[in-house]
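Please open the model in your viewer and keep the selection panel at hand, since the tour moves from a single chain to one helix, then to the core and finally to the other chain.

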Amino acid sequence: MEYFIAQLINGLCQGAIYALMAIGYSVIVGVVGMVTFTYGEIMMIGAFAAYYTFQAIGNNLPVAILAAFSASFLVGIVVYKLCYERFFNAPRHISLLCTIGISMLIKNLAQIFFGPDTKPVLNIIDNKTFTAHIGSISVDIKLLQIIVICLVIVFALALTMFFNKTKAGIALRAVSQSKEASYMMGINVKRTAMLGNCIGCGFGGIAGILLSIYYYSVSATMGGSYSIKAFSSSVLGGLVDIRFSALGGLCIGVIENLGITISSATFRDVFAFGFLILVLIVRPQGFAKKKGARV
Amino acid sequence: MDAVKTFYNKHKALILLALFVLMCFVPVIIKKTVLIRYICNVLMYATLAGSLNAINGYSGQTCLGQAGFFCIGAYTCAILSKNFGVSFWLLLPLAGIMAMLVGLLVSLPTLRLSGIYLSIVTLGFSEIIRIIAQTWNSVTGGSLGIKEIPYPEFFGLQMFRPKYYYYIFLVIGALFLFVTDRVLKSRVGRAWMSIREDQIAAKSLGVETSFYKSLNFMYGAFWAGVIGAAYAPFVNYIEASQFTTNTGFNVLAMIVIGGQGTLIGPILGSTLVTILTESLRFLENWRYVIYALIIIAMMWIRPQGLVGASDSILAGGTIRRKENGKKKESRKEGDAHHE
């Protein structure tokens, strides 16, 4: 039972990171209107930016998060210029393949410049454990897990505030609902779409640094399966809805970790994708109430 | 150019037959085993890319999980021939049918889905298949893989040299091209293409879109399974890491570079990609950088691929191009108004 609860907490924490990934992903898909396979590499860039920040100025988490966000933000501009800007009216598969190309490009450049080996990210957060007693069961929660969950909630709230209270955020929502109508309202759609893509990428970068802290390591190939998981979480939430995407990410995290309690850890991805396929069979639109652009 | 075209159309069967016979003499002329191995690789990838092209190029579904079907074929062949001693020639269609059944399974949830949802389901399936192959120790050997897969026998002749495999791959490739050509010219092929051009219009004209989409997946999966079965004894050792999503993307890149929706495209693409990756081996990781840049450049310059028609729907198509023209104009006006 204790093992079960510990896995549940692990799942919640991992799910929180997936939720942040999914939020970023939904912002990209919602605003730009096209999916990306570069997301895992964007996260890797964020994680490496944080790693080098830790190397340069010591374990300063806020600065590292800022560095991760801005590095991913800048890569987002490149991705937008190469993959999306020209292809808004082209068939979808063209920009899709372009993002696959970029993903290969970044992954291999990273292996050349950052080296192929896994680098350790240690002692960013003190290794403290809190123990709570509920009846006869004692539950361990690490400080790391608490901080990760809190950070995710803070960033999710900040993004919601940004979308609802600022002019740029409202423009982003307008573009995600209808590009044509946004043109008529005098919104510079291309610039707004680029901003949306970059913000989504920036959140990917933050998710990358949280992952690297959570797993104590960073490597050039870490993006691989997380790209698909961000995608899955976001599909669960209906691709464009931020809140439901976050819920989707949380679900995938919990189901993965509960799944591996009844089998072995190698089946992690099988549970994630199996759950996704199951949901898609029953409800193709995911958790969202209706299909359509709604951020 | 026109004269060549008319001549080709007139004597199509004869020319292709002559080409096939000429290809048969390649191992006689080229003696280097390494070179023959490369050519075998080209032929194998040409068929694999062709099977993906049957899905992506002809019915317009974006399948990203061809590596999964390939994996099923390879493991079926390896397990059955090693543990039960089933003949290689029987295994070819058997592996194809196994992959086909999985293709049917994949196509079931995708019938209600389209576009990107479908892509993610195929990608997820391919990963699930790979992970199962990697973890099911008792059957697939887990991460150690399967070693010493028996060589195929042809009337008592042990086929272990690349030169024999050359003929196996050549015959499978030729058979694939012939059958696909016939299928595409039949009712089924026309139905696939009508789905690619416009699914709603196809449905309104009485095409059973779900049935034909399902059939399309099964057809593509079948050939991927067949070529997977031929691949297993060729490399003699298979493990799950040979069938990652990168393999799938690699095959996808071949048909994109060659040209989707054409029969010659995948062959051209697999030839170019294999030559590129083999000849640039001295560049180590930089060759993948070049490879990635070529994919991006292809999407910018010729999204329909090297041999694809510029008015194909895969390049932004005739119907959509007119729309695009209008949209572009209105956008320009919108931008001008805004700025």
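A residue is called buried here if 20 or more other C-beta atoms lie within 10 Å of its own, and exposed if 12 or fewer do. Keep in mind throughout that this is a predicted model.

If you colour chain A by burial, buried residues make up 55% of its 295 residues. If you then draw the contacts between residues of chain A at least 6 apart in sequence, 77% of them join residues at least 24 apart.

Next, select residues 39-57 of chain A, which form helix α2. This helix of 19 residues reaches 27 Å from its first C-alpha to its last, close to the 27 Å expected at 1.5 Å a residue. Is α2(A) mostly covered or mostly uncovered? It is mostly covered, with 15 of its 19 residues buried. Step just past the end of α2(A) to Gly58(A), where the backbone takes a positive phi of about 90°.

From there, turn to the largest nonpolar core, which has 193 residues. Which of its members touch the most others? They are Leu20(A), Ala47(A) and Ala68(A). Centre the view on Ala68(A) and set aside its neighbours within four places in sequence: the residues in contact with Ala68(A) are then Gly46(A), Ala47(A), Ala49(A) and Ala50(A), together with Gly205(A), Ile206(A), Gly208(A) and Ile209(A).

Now bring chain B into view and select the interface, where 37 residues of chain B are in contact with 40 residues of chain A. On the chain B side, the elements that give two or more residues are α7 (115-135), α13 (245-258), α15 (286-301) and α16 (318-338). The largest share of that side, 12 residues, comes from α7(B). Coloured by class, the side of chain B that touches chain A shows 23 nonpolar, 10 polar and 4 charged residues.

As a last stop, stay with chain B and colour it by its domain assignment, which gives domain 1 (1-26) and domain 2 (31-245). The C-alpha centres of domain 1 and domain 2 of chain B lie 28 Å apart.

Note on methods. Residues are numbered from 1 along each chain as its sequence is written. Chains are lettered from A and ligands numbered from 1 in the order in which they are written. This is a predicted model: local features need pLDDT of at least 70, side-chain atom pairs count only at pLDDT 80 or more; totals for chains, interfaces and linings use all residues. A nonpolar core is a set of buried Ala, Val, Leu, Ile, Met, Phe, Trp, Tyr and Cys residues joined through C-beta atoms within 7 Å. Two residues are in contact if their C-beta atoms, placed from the backbone, lie within 7 Å. Helices (H or I, at least four residues) and strands (E, at least two) are DSSP runs, numbered from the N terminus. Ala, Val, Leu, Ile, Met, Phe, Trp, Tyr, Cys and Pro count as nonpolar, Asp, Glu, Lys and Arg as charged, and the others, Gly among them, as polar. Domain bounds come from an automatic or database domain assignment. The expected span of a helix is 1.5 Å times one less than its number of residues.
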